[in-house]
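Please look over the structure below before reading the notes. They are grouped by topic and kept to what can be checked against the coordinates.

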Amino acid sequence: MSKKITSNAIKEAKFSNLFDRHYSKLYNYAFKVLKETDLSEELVQETFIKLWENFESINESERSITSFLITTLKNKIIDDYRKRQARTKHTNLYALHKNI
């Protein structure tokens, strides 16, 4: 059991270090694209959650982790854009149908 606790402590320490090093860059990128503070924070948080969930399977090289974080965030921004587009389309169709 103590081996598992040590392993979790090491994982938490590595993750914390990565968070501290990458959060600002990721947030700044998201905000530059989205122009929304809350949404930028949310998507960056989701990006780090995905990193935590996949931490064991990611190559620990700095390049690999950076690439994972950037790719994940870009995909989350694209997904959000698609959701907004679908919502807008649905709203427009509803308004059009209502006026008929």
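**Aromatic contacts**

Tyr23 is partly exposed, at 24% relative accessibility. The model is a predicted one, and its chain has a mean pLDDT of 86.

Ring pairs and the aromatic cluster

- Eight aromatic pairs are counted in the structure. One of them joins Phe15 and Trp52 in an edge-to-face arrangement, with 5.1 Å from centre to centre and 80° between the planes.
- Phe15 belongs to helix H1 and Trp52 to helix H2, so this pair ties together parts that are 37 residues apart in sequence.
- Phe15 counts as buried at 15% relative accessibility, whereas Trp52 is partly exposed at 32%.
- Tyr23 and Phe48 form a stacked pair, because their planes are at 25° and their ring centres 6.5 Å apart. This pair links distant parts of the chain, with Tyr23 in helix H1 and Phe48 in helix H2, 25 residues apart.
- One aromatic cluster is formed by Phe15, Phe19, Tyr23, Tyr27, Phe31, Phe48, Trp52 and Phe55.
- A charged residue also meets one of these rings: Lys11 lies over the face of Trp52, at 4.1 Å from the ring centre.

Salt bridges

- Side chains of opposite charge can pair when their charged atoms come close. The structure holds four salt bridges.
- Glu36 and Arg84 form one of them, with 2.9 Å between the closest N and O atoms. Glu36 is in the loop between H1 and H2 and Arg84 is in helix H3, so the pair ties together parts 48 residues apart in sequence.
- Both members of that pair are partly exposed: Glu36 has a relative accessible area of 33%, and Arg84 is at 29% relative accessibility.
- Arg84 also forms a salt bridge with Asp80, where the closest N and O atoms are 2.8 Å apart. The two residues are four apart in helix H3, so about one helical turn separates them.
- Asp80 counts as buried, at 13% relative accessibility.
- A network of salt bridges links Glu36, Asp80 and Arg84.
- Lys76 forms a salt bridge with Glu46, and the closest N and O atoms of this pair are 3.8 Å apart. Lys76 lies in helix H3 and Glu46 in helix H2, so parts 30 residues apart in sequence are tied together.
- Glu46 is partly exposed, at 30% relative accessibility.

Helix H2 and Ser40

- Helix H2 has 17 residues and reaches 24 Å from its first C-alpha to its last, close to the 24 Å expected at 1.5 Å a residue.
- The buried residues of H2 are Leu39, Ser40, Leu43, Val44, Thr47, Phe48 and Leu51.
- How accessible is Ser40? Ser40 counts as buried, at 0% relative accessibility.
- The side chain of Ser40 has a polar atom 3.3 Å from the backbone nitrogen of Phe31. A polar atom of the Ser40 side chain also lies 2.7 Å from the backbone oxygen of Glu36.

The loop between H1 and H2

- Lys35 sits in the loop between helix H1 (2-34) and helix H2 (37-53).
- Lys35 has a positive phi of about 60°, although it is not a glycine.
- Lys35 counts as exposed, at 57% relative accessibility.
- Glu36, which also lies in the loop between H1 and H2, is partly exposed.

Confidence

- Of the residues in the chain, 81% reach a pLDDT of 70 or more.
- Which helices mark the ends of the confidence range? Confidence is lowest in helix H3 (residues 62-99), at a mean of 81, and highest in H2, at 97.
- Where pLDDT is low, the predicted coordinates should not be read in detail.

Methods:
Residues numbered from 1 in each chain as written. Heavy atoms only, no water. Buried < 20%, exposed > 50% of the residue type's maximum accessible area, 1.4 Å probe, protein only. Expected span 1.5 Å × (residues − 1). pLDDT = per-residue confidence, 0-100. Salt bridge = Lys/Arg side-chain N within 4 Å of Asp/Glu carboxyl O. Phe/Tyr/Trp six-rings, centres within 6.5 Å; stacked < 30°, edge-to-face > 60°. Lys NZ or Arg CZ within 6 Å of the ring centre and 35° of its normal. Polar contact = N/O pair within 3.5 Å; in protein donor to acceptor, adjacent residues only side chain to side chain.
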